[in-house]
Amino acid sequence: GESGSVVVQTAPGQVVSHRGGTIVLPCRYHYEAATHGHDGVRLKWTKVVDPLAFADVFVALGPQHRAFGSYRGRAELQGDGPGDASLVLRNVTLQDYGRYECEVTNELEDDTGMVKLDLEGVVFPYHPRGGRYKLTFAEAQRACAEQDGILASAEQLHAAWRDGLDWCNAGWLRDGSVQYPVSQPREPCGGLGGAGSAGAGGGASGGVRNYGYRHNAEERYDAFCFTSKLPGRVFFLKPLRPVPFSGAARACAARGAAVAKVGQLFAAWKLQLLDRCTAGWLADGSARYPIVNPRARCGGRRPGVRSLGFPDASRRLFGVYCYRAPGAPDPAPGGWGWGWAGGGGWAGGARDPAAWTPLRV
């Protein structure tokens, strides 16, 4: 009416994008502008980082616009006529996942609306070489970041459980809680009756077991990480002979790539349908392989990324999974291998793999 009250409308549910994508966070507003024009309206976008904490994303007042922090150069108003406060977000990152608040203020009133940005991706459990239940909350955050991911949210873990994730080890989530998904109930994993599950099923169908919010500086668990679409490509590299871990980086570098991280392998398996029944080194020193089409000789009847743990790094047991960034050339196309100029040196591992160079074979 004529009171000057502002009404903000945002999209119900959530909007979905992926890493590297462009998304519009929809927000429209209306008020009687007979006295005050739209030029006097202040538009502000913030991200909810905690239940009572917000981070500035974007502010606009008339012709003055400003983006903050990591949103600089990526965020702008859609500007689709009067009353449109929608925010265009480009080159979406993993850290962009979450809830955003659109606030519209005129000289008399204000109103807000909420938009949830979700990402297509995959949740993966993680623990370092030191063993299970070794990570504080901060260490779990760092571990996920080092493996091309972020700590998963409770919603993402629940969605992964619905998709069949079954993991009988508790891990940190983004909100500081500790949970784990059980698709096939069994005694060692919370029992057969669903005891300990909260809000995500239970009983004979399993559920997401929830330990609640734990002391994040003292208690130690694994981590549940989340990653999204890869900007590049993961591929398996089989040198002339299996390599120890010390030779993995050299082998990938000769192909214009780096040793793949755990999150990159999971993303390639889930989103690029990488299927390879051969174990290879990854950047954290683990050995894994991705299976899209299960078969008996490749680790069981369910798809997934199989893990051989953290083998002795000096043993020459594996090839290596490499990650090549977009646009990076392959300096060693088919017909290349790895060895030492002048030949020889293979028997008994007499030469240092760190000294390998690409050789045409």
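**Disulfides, salt bridges and a buried serine**

Visitor: Is Cys322 buried or exposed?
Guide: Cys322 counts as buried, at 0% relative accessibility. Buried means under 20% relative accessible area, exposed means over 50%, and partly exposed is in between (1.4 Å probe, protein chains only).

Visitor: What kind of model is this?
Guide: A predicted one: local features need pLDDT of at least 70, side-chain atom pairs count only at pLDDT 80 or more, and totals for chains, interfaces and linings use all residues. Residues are numbered from 1 along each chain as its sequence is written, and side-chain values use heavy atoms, with hydrogens and water left out.

Visitor: Back to Cys322. Which residue is it joined to?
Guide: Cys252, through a disulfide with S to S at 2.0 Å. A disulfide here is a pair of cysteine sulfur atoms within 2.5 Å. The link is left-handed, with -80° about the S-S bond. Helices (H or I, at least four residues) and strands (E, at least two) are DSSP runs, numbered from the N terminus.

Visitor: How many disulfides does the structure hold?
Guide: Five. Number the bonded cysteines in sequence order and the pairing reads 1-2, 3-6, 4-5, 7-10, 8-9.

Visitor: Which residue does Cys144 bond to?
Guide: Cys225, with the sulfur atoms 2.1 Å apart. Cys144 is buried at 0%. Cys225 is also at 0%, and buried.

Visitor: And Cys277, buried or partly exposed?
Guide: Partly exposed, at 23%. Its disulfide partner is Cys298, at 2.0 Å between sulfurs. Cys298 is buried, at 0%.

Visitor: New topic. How many salt bridges are there?
Guide: The structure holds 14. A salt bridge is a side-chain nitrogen of Lys or Arg within 4 Å of a carboxyl oxygen of Asp or Glu. One of them joins Arg19 and Asp148 (3.0 Å, N to O). That pair links distant parts of the chain, 129 residues apart. Both residues are buried.

Visitor: What does Asp222 pair with in a salt bridge?
Guide: Arg132, at 3.3 Å, N to O. Asp222 lies in strand S17 and Arg132 in the loop between S12 and H1, so parts 90 residues apart in sequence are tied together. Asp222 is buried, at 2%. Arg132 is partly exposed, at 35%.

Visitor: S17 again. How does S12 run against S17?
Guide: Antiparallel, with six bridges joining them. Two strands pair if DSSP finds at least two bridges between them. Val123 stands opposite Phe226 in S17. S12 (residues 121-126) is mostly covered, with five of its six residues buried.

Visitor: What about Ser228, where is it?
Guide: In strand S17 (residues 222-228). Ser228 is buried, at 0%.

Visitor: What does the Ser228 side chain reach?
Guide: The backbone oxygen of Glu120, at 2.5 Å.

Visitor: Which residues is Ser228 in contact with?
Guide: Leaving aside neighbours within four places in sequence, its contacts include His18, Arg19, Leu94 and Ala267. Contact means heavy atoms within 4.5 Å. Arg19 is the residue that meets Asp148 in a salt bridge.

Terms used. A polar contact is a pair of N or O atoms within 3.5 Å; within protein, one must be able to donate a hydrogen and the other to accept it, and residues adjacent in sequence count only if both atoms are side-chain atoms.
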